[in-house]
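The structure comes first, then the notes.

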Amino acid sequence: MIFQILLIAFAFFALAITTKQYRRRKVSLYWYILWTLLWLAVIIVALLPQATDPLAQLVGVERGADLLVYIAIVVLAYGLYRVLVRLEKVQKEITEVVRKVAIDKVQEPKKDE
Amino acid sequence: MKTVAIIPAYNEESRVADAVRDASCFVDHVVVVDDCSYDQTFDEAYSSGAYALRHVLNRGQGAALQTGTSFALKNLNPDVIVHFDADGQMQGRDIPKMIDLLSNSDVDVVLGSRFLHGCPDMPLSRKITLKLAIIFTLVVSGIKLSDAHCGFRILSKSAAKRICITRDRMAHASEILDLIKVNRLKYTECPVDIKYSDETLAKGQSSLGAITIVKDLIKSKFFDV
């Protein structure tokens, strides 16, 4: 019971933050809708945990809560992979910029030496 | 034949000038890439007569080597690129015989080797790490060498164009060997003389750095973008 309340409270908190960020144009409408749907889903599942059981049994998992944990792990792992790939790309882009600046600002040796 | 030495340097203000002067006795131009040192490396390099380039952020030795190579290929029209070190461990007088090897045979790359003729004076832990690196290189890149991570290299212009280093940090040494294999470049080894001092050993790669290199390489196989 306590966990349900905490989870719902956190979901509302997250919703508020996302809305605030969207109003300040820090996140795009696309991500705002996606995040909002996610947190609304979290609230619904927290209120009615049994609601996901039929879906779970359909795919051969006993409890809805278990199914959610499995899905969460897969989604998080994939998200982490995407972030790491993106990070690597950003690192390479930084190096490219640093390289360009270095080449443009070369100090050539004095000719009389 | 126009020769250009590339010297990546990070916090080497006390040694970089000597390295530049040593190298410039044997090559036409010296390019120093200061990898965002917090000491006077850049000024020392410039006043000792090198082309001085500066990374505004620290990007690692591999990145610095590639910056110097890109600069040289773009502006200095070199026939031969020499990878040299800023810390005075490498000896400039090894350069001519390596260049001779390159010009008198049909190889594209000459790799310096510390083990080709006997074994240099170095700590046992370093020796073991380097031997493991040789086995690692044979397994991963399929290249059999007597010394896999010397860092002293001579590249022909066409080889330098094809070997584009993307591993910014220390894994670039293994990456270069990989690229030699992938591009089917001809290579040979040449014995070089490396002087170890307590000072340079303290600053150079620790043997534990090998773990980082392996980690970097594994990462590059999975996260290549």
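B:C25 counts as exposed because its relative accessibility is 59%, where exposed means over 50% relative accessible area, buried under 20% and partly exposed in between (1.4 Å probe, protein chains only). This is a predicted model, in which local features need pLDDT of at least 70 and side-chain atom pairs count only at pLDDT 80 or more, while totals for chains, interfaces and linings use all residues. Residues are numbered from 1 along each chain as its sequence is written, chains are lettered from A in the order in which they are written, and side-chain values use heavy atoms, without hydrogens and water.

**Cysteines**
- The count over all chains is zero disulfides, a disulfide being a pair of cysteine sulfur atoms within 2.5 Å.
- The closest cysteine sulfur to that of B:C25 is in B:C190, 18 Å away, which is too far for a bond.
- B:C36 is partly exposed, with a relative accessible area of 21%.

**Cavity**
- The structure holds one cavity of 30 Å³ or more; a cavity is a set of points on a 1 Å grid over the protein atoms alone where a 1.4 Å probe fits but cannot get out, and lining residues have an atom within 4 Å of a point.
- Residues lining the largest cavity include B:L111, B:D147 and B:R153.

How values were computed: 1 Å grid on protein atoms, 1.4 Å probe; cavity = no way out; pocket = protein on both sides within 12 Å on 5 of 7 lines; lining within 4 Å. Points joined across faces, edges and corners; volume = space filled by probe spheres on them.
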